[in-house]
Amino acid sequence: MSPVTPNPAFIKVDHFSFWYGPKQVLHDISLDVPEKEITAFIGPSGCGKTTLLRNINRMNDLVDGIKHKGDIYIDEQSLYDPNVEVISLRKRVGMVFQKYNPFPKSIYENVIFSLRVAGRNGKNELDEVVEKSLRGAALWDEVKDKLHESAFGLSGGQQQRLCIARAIANRPQILLMDEPCAALDPVATLKIEELMHELKKEFTIVIVTHNMEQAKRCADRTAFFYLGKLIELRPTLDLFSTPKDPQTEAYVRGKFS
Amino acid sequence: MSQATFQQPTRTKGEVKVWLTAAGLTVGLIMISGLLVLIAMNGLSVFWPDRVAVYTIKEGDKETRIAGSLVKTQQRRKPDGTFATEYQIFTGNKDAYNLAFRYINEADVIARSDVSGIYVAERMEYGDSVFTPVALQLADGHKITGEDAVFKSEFARLVKEGNKRRDTILKIEKNQIGDINARMKRLEIRSRTEDVKTEIAEEQARYQTLANEAQKLRAAQTADKLIYKLASGEERTQNVGDILHFYQPNDIGIFGQTGVFLHAIWDFLLAEPREANTEGGIFPAIFGTFVMTILMAVMVTPFGIIAAIYLREYARQGLMVQIVRICVNNLAGVPSIVFGVFGLGFFVYGVGGFIDGGVQYPIAPAWWFAAGFGALASIGTAVYLSTHNRTAIPTQQKRQKLLQKVEGTLWIISVFLIILTIARCPYFHGFFSDSLPTPTFGTGGILWASLTLALMTLPVVIVATEEALVAVPRGVREAALACGASKWQTIQRIVLPSALPGVMTGVILAMARGAGEVAPLMITGVVKLAPSLPLDLSWPFIHAERKFMHLGFHIYDLGFQSPDSEGAKPMVFATTLLLILLVVAMNLAAIQIRTRLRRKYQASAF
């Protein structure tokens, strides 16, 4: 389905507004996320960046009383089409959370969870997927001889990489990362940032981050949000060196966070 | 800032509350251990073989001698205000004295002597006997006197033979003749429609041979006789075949006494009861309690888990769900006898009567087909709506809500129609109508008793499971959903395994409560003496319609319903001890399972 040349509007958010009950959290957001690039959402707490991220794989459906206007398209397919089955959507869009949350199972079972729930249980296929995903998450060498031990035996950074391996096991097209390094030490953070540069060759990555340095290091394009509105979306270096909007400038200069 | 603020305060505020909690715990522990020690001492002392003494006492102006072991010494208040000591002596020989225990005043005792050569024998009827042997009268005419060197070994040999013969008689009568009886019953039912005369004759011939064999063995049991003398000098005769076990209380050392002690406990645990449950063992009661508790746990766990999953995960958390939850919690406070009455009415007479005899008030076939068809149609439509009524488009959400209401109504209608189809079917005449009017399932039995108790302990399991489900962290659920799992897959693969330790806690509590309840059992299937066990080696191995014995009921029956309350008192304590140990054992097993589960799923908060 994906064209040979990367789609510049692989994820297209089109005049999207979102309400949690009576409270409006996103105001008329329109942005394009290019294929096979890393796009960062930055902004102060409560600006709606995580909410927008969670809408891309419709995780917000879990909350009661939500309302939305506008649409989000992935590869020209609307997410809110009545024919869309949320479960198959989530197989195409993987997510990594702020606090690493491996299942209370073995490392092997953690990685292939998405395959098992899809009904694919062939042992050869599973072994192959495990190795490929763990290599893709730069974790294979560290765990290859303890695949059937509990996932809780790993360190924090390793567990987060395990969650990344789990998210990419099904070869999704998009990888959403919600502050993936927030709970990690600097060494582990660096490892994951290096990993993202590898991953973007195959996946479209959207990352929400509080850490502007991280956005500068990793992201190709950066979007700045404030109070539920998209203020500015530009290539990262441009946004940080010559921000157009005064609010963006105040934020990147550290005047508020 | 003064120096004083940097010093350690001499009395830290709040520490007194630590002492208070420790004191509370200590009081509780002392009470529990005190109770256990009391029961253990009273219960185990029953089995210990006491020394027997011969007392010469004044009876009126005559002197008599009685032999027995001292059970209790107590002070009795005399009319003039002073106290007199009296002894309770276990004399045995209920057939000679009408009572096994006797009270004698200390003042009446002239002499007391420890005599050797006294025997205590456990008998099939009238309990134990305390005697001095005179002679053994064998079937072939031999006579071996009590002083003879070979007396004891011959006596032991004959008693062993008698025990073996008794087991064979039991096997013949209970198992083989029992099988013949079962086959005869089936043949009798068949004989109403077919000609089975030859087969009936065959069975009767088989019965005759077995009956003859049993008869011969029974005769052999009465062939050898023991002539013995009581302490008063009276001579009596006893069939050796009716003696189970004997020992010499005054002539065995500490090892001998321990041997008799262990033998008595072994017998208690594994033998069948005799003499209106005052003698013999209580194995059927142990077995019945165990089977019933396991059956109850097996039935309550799936229902509790499913109900809790629906209440917590699927139901919309509004007023209806709150009301349901309050009702479930209140169910835990209903007195158990009310559950018993409900079990009797609904399970025993209602469902049991339905299984036995079929439908009492059928509806016309045409209406029945309509009801059945209607049930299928409405279930089909409801299922279709539940899977296809999905939309994220805001304009269609009103329609979605309307269809949801329709779906709900259809579910209710389906349930009603299904019950109607089953309960009013004109073609169902019961599975056991041949045996009517003798009820099979329409009377109390282990199945209905277990179901009633399962219902009673359901709230405990539901509450514990709900708490365990809530304790599963949200992050793990979200991760599962983000991996493309459906809600049910998340519950089945992630949430439920993590919640299992908490569920086990609920099951442990349910078992503890259920094993101790007696009132509902009394009306739904427990009996004083059950002819057979609910689980045995004859097809279909699990006899869910049989009545059973239960330790709790046994205690009540022994304590309040037996003709000889003094004789039964030791058994009451021993049975209480056993019931406590059984519940502790089952709880420990369940705790072990829970610990193993907890280690596997560290993430769980329980």
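Chain B falls into four domains, whose bounds come from an automatic or database domain assignment, and they are listed below with their residue ranges.

| Domain of chain B | Residues |
|---|---|
| domain 1 | 54–113 |
| domain 2 | 134–259 |
| domain 3 | 283–358 + 439–600 |
| domain 4 | 359–428 |

This is a predicted model, in which local features need pLDDT of at least 70 and side-chain atom pairs count only at pLDDT 80 or more, while totals for chains, interfaces and linings use all residues. Residues are numbered from 1 along each chain as its sequence is written, and chains are lettered from A and ligands numbered from 1 in the order in which they are written.

The centres of domain 1 and domain 4 of chain B, taken over C-alpha atoms, are 78 Å apart.

Where the chains touch, 20 residues of chain B and 22 residues of chain A take part, two residues being in contact if their C-beta atoms, placed from the backbone, lie within 7 Å. On the side of chain B, α12 (474–482) and α13 (487–516) each supply at least two residues, helices being DSSP runs of H or I with at least four residues, and strands runs of E with at least two, numbered from the N terminus. The most comes from α12(B), with six residues.

Chain A holds an open sheet of six strands with mixed pairing, in the order β6-β7-β8-β3-β9-β10, where two strands pair if DSSP finds at least two bridges between them. Because β6 (93–96) and β10 (229–235) of chain A stand at the edges with a single partner strand each, one side of each is left without a neighbour in the sheet. Within chain A, β7 (residues 174–178) and β8 (residues 204–208) pair in the parallel sense over five bridges, and Ile174(A) has Thr204(A) in β8(A) as its bridge partner.
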